[in-house]
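Below are some points on the model you sent, for comparison with your own reading. Please check them against the coordinates.

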Amino acid sequence: MEKLKVAIIGAGSIAEIGHLPYYKNHPKVQLVAIVDKDLKRAQYMQEKYSIHKIYSSFEEMVNDIKVDAVSICTPNADHFPIAWEALNRGIHILVEKPLTTTYEEALKLQKIAMEKKCVAMVGMTHRFRNDVKALKKYVETGELGDIYYAKAKILRRRGTPRGWFTDKGRSGGGALMDIGVHALDLAWWLAGRPLPVSVSGHLVKGIGPYNVDFIHVWKSAIDENNNIGKFDVEDFATAFIRFENGLVIHLEVSWAINGPQDEGLKVELYGTKGGLTLDPLAFYYEKDNVFNERKLVVDKNNPFEEEINHFVDSVLKGIVPSSSIEEGAEIVKMLEAIVKSSELKKEIKL
């Protein structure tokens, strides 16, 4: 069988860490191109992963070679125009989170993907972790009963990324769009993806640019992104989201906060029959009038590899992927409402 021809759009860290190695190792994939305006960086990736061609733009690539699918690993604001052009050409897409920076754009992509019958997936990598899949199994078998409350948080003490992440024009937002999207998606997905009805959000640029001795500073893989010097986004966000089925989700995320280090993604689910926590990985329930705490044991896996394999399988089999474009659009809708609520300083009805 002819191999799936895949191109990578954007040669930054996420492409190098989460996409290229696993496409390269997939027996049914041929890496045909990598695109980045920084041709020096693209050439480095070309040599490292034996990629056939490099291009400085998506348009240059699609006008030169045939591509079946692309991974879009660019700054957030570039997701929509590239995904739009790809889908219009019948090219399947895997878009790094978030799908887009506005709900209006997300709906346009959802519509064209359906019309063109393209596989369109959003890179919600945490869904592919073994510990998360174990929690999902407990939820789906009804062990929690009716879930009425969920908490999700990532609180970095000092972990603000450099470069385009702090430039709203390119990122669409700060900590909320960068890491909050993962926390919100995971809690919402685990709880069964209910319909949101209202949102109350609060965004703050509390710490901003900082210069702290003896603490590692995250740097971009592309040198020019390290010295943008623009910081017009929030570094802390919190939200309270109500859903049609009675669930509420409490979200907390930060790049920098004056508190204890708690960088890992934490999710807690509470139901009428039991509860679950991701860290520690445990199930809480009552049996024979005695309260129990059961630790869950799973092997660690590589969620990036599973995500790429799942996308490739979805394209080859023509099936709807996990973390579909419809679900990605719903997350963008909630993110947008959180921002609007913060700006208006009141709860937003959806």
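The points below concern a predicted model and go from the sheet to its helices and then to the aromatic side chains.

1. The sheet is open and has 9 strands, in the order β14-β13-β12-β11-β7-β10-β9-β8-β15, with mixed pairing. At its edges stand β14 (290-295) and β15 (348-349); each has a single partner strand, so one side of each lacks a neighbour in the sheet.

2. Strands β8 (residues 196-204) and β9 (residues 236-243) run antiparallel and are joined by 8 bridges. Within this part of the sheet, V204 stands opposite F236 in β9.

3. Helix α9 (residues 175-190) packs on the sheet and touches β7 (147-155), β8, β9, β10 (248-254) and β11 (262-271). The direction of α9 makes about 150° with that of β10. Helix α11 (residues 325-344) lies across β8, β9, β10 and β15, and runs at about 55° to β8.

4. There are 6 aromatic pairs in the structure. One of them is Y149 with Y270: the ring centres are 6.1 Å apart and the planes meet at 15°, under the 30 degrees cut-off, so the pair counts as stacked. This pair links strand β7, which holds Y149, to strand β11, which holds Y270, across 121 residues of chain. Y149 is partly exposed at 24% relative accessibility, and Y270 is partly exposed at 31%.

5. Elsewhere, Y138, F283 and Y285 are linked into a cluster by ring pairs.

6. K136 lies over the face of W189, 4.6 Å from the ring centre. R158 lies over the face of Y210, at 5.5 Å from the ring centre.

Terms used. Residues numbered from 1 in each chain as written. Predicted model: local features only at pLDDT ≥ 70, side-chain atom pairs only at ≥ 80, totals over all residues. Heavy atoms only, no water. Pairing = 2+ DSSP bridges. Helix = DSSP H or I, 4+ residues; strand = E, 2+ residues; numbered from the N terminus. Contact = heavy atoms within 4.5 Å. Axes fitted to C-alpha atoms, helices over the stretch in contact; angles between N-to-C directions. Phe/Tyr/Trp six-rings, centres within 6.5 Å; stacked < 30°, edge-to-face > 60°. Buried < 20%, exposed > 50% of the residue type's maximum accessible area, 1.4 Å probe, protein only. Lys NZ or Arg CZ within 6 Å of the ring centre and 35° of its normal.
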